[in-house]
Amino acid sequence: MVVAWSLGVCAGSPEVREFLVENPSPGVYVHYGQQAEMAPGNAGDIANLGFVVGEKCVAVIDTGGTYAEGRALRLAIRGVTAVPVCYVINTHVHPDHVFGNQAFVEDKPEFVGHARLAEAMRRRGPNYLRALLRDLGAAAQGSTLVLPTHSVASLERLELGGRSLSLRAWQTAHTDTDLTVFDETSGTLWLGDLLFVGHLPVVDGSLRGLIAVIDELKTFPAERVIPGHGRAGAWPVAITAEERYLKQLLFDVRATLATKMPLAQAIETVGYDGSDRWLLVDQFHKRNVTAAYTELEWDQ
C-alpha cells in the first residue's frame with residue numbers, strides 16, 4: 001500500500017513523496033524507513049514503524065521522526081481499517097521513533113512506553129526538538145513530544161479484539177527505555193532498536209546490558225521480527241551480526257582499558273574491520289567506543 005505525504009515546504013510549495021506500507025502477515029503492517037541519518041530530504045523517515053489491526057482497535061508501534069511522518073502513518077491506517085487507534089506504543093525514547101506521536105493525539109489513544117520513558121522524554125526532549133528543528137527545518141513543522149499516558153514496568157498484555165500484544169520492558173540495553181512488542185496471533189516480534197540490520201548498531205544505554213538482552217532474545221520463538229532499522233531475515237540468525245559487532249567492541253575496549261589508554265586515543269584505536277559491511281559506521285562507531293569506554297572504565 002502507498003500513500004502520499006508532504007515533507008514540508010520546499011521552494012514555497014509542499015514536497016510530496018510516497019509512504020510505503022507492507023503487509024507481511026494478516027493484520028500486521030510495516031513501513032521501512034531509510035538507512036540514513038535524519039535530514040530535510042527524508043523528513044526523519046529513517047526508522048521502521050507499523051501497526052497491528054484487531055477487531056476492536058489498532059495498535060501503532062512507533063510513529064516516526066516528524067509530525068509529517070506520523071500523519072502519513074495515520075493515513076495509511078485509515079486506508080486499511082476504520083476501527084479506532086487505541087494504543088500508540090513507543091519502543092524507546094529516540095526521536096526517529098517518537099516525534100510522529102502528535103499525529104495521533106486526536107484519536108485519544110493510550111500512549112504506551114517503558115516505565116522510564118516519560119522521564120527520559122522530559123530530560124532529553126528539549127534537546128531533541130531543538131536538533132530536529134535545526135536539522136530538518138520546514139520538514140519538522142508541527143513536531144513535538146507526546147509523553148506516555150500508560151507505562152510498562154515489566155510484562156503487560158494489550159487486547160485489540162481477537163488478538164493480543166505482549167509487551168516487555170527491558171533492562172538498560174540500547175537505551176534505558178527499551179520495550180518489545182509481540183503479536184501473539186502472527187508471531188511477529190517488534191524489537192525497536194534492540195535489533196539493527198544493515199545500519200551499525202548504536203549503544204546509548206549499556207553495552208553489557210545490550211549483549212545480555214540479545215542473549216535472551218535469541219531464545220524467543222518468533223515467526224518474524226521487525227528491527228528498528230533495516231530488514232530482518234530468519235530469526236534468530238538476523239541478530240548474529242549485531243551480537244558479533246557488540247562483543248568485538250566489548251573485547252577491544254576492555255583491551256584499551258587494560259593498557260590504561262586514554263579515551264581520546266581509544267576512540268582512534270578501536271576500529272571496525274568492515275566484515276559485516278555496516279552502514280553509517282563513520283556516524284556511529286566512535287560514539288559506540290565512547291559509550292563503551294565510559295561504561296567499562298568503572299570495571300578497572
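The second largest pocket is lined by 13 residues, and Arg 244, Tyr 245, Gln 248, Tyr 272 and Asp 273 are the ones nearest its centre. A pocket here is an open set of points on a 1 Å grid over the protein atoms alone, with protein on both sides within 12 Å along at least five of seven lines, and a lining residue has an atom within 4 Å of a point.

Some ground rules. This is a predicted model, where local features need pLDDT of at least 70 and side-chain atom pairs pLDDT 80 or more, while totals for chains, interfaces and linings use all residues. Numbering runs from 1 along each chain as its sequence is written, and side-chain values use heavy atoms, without hydrogens and water.

Back to that pocket. It holds about 180 Å³, volume being the space filled by probe spheres set on the points, which are joined across faces, edges and corners. Helix α5, residues 240–258, gives the most to its lining, with 5 residues; helices are DSSP runs of H or I, at least four residues, and strands runs of E, at least two, numbered from the N terminus.

Now the largest pocket, at about 600 Å³. Of its 25 lining residues, His 94, Pro 95, Asp 96, Phe 284 and Arg 287 are closest to the centre. Which element gives the most to this lining? That is α3, with 7 residues.

The search finds 1 cavity of 30 Å³ or more, a cavity being a set of points where a 1.4 Å probe fits but cannot get out.
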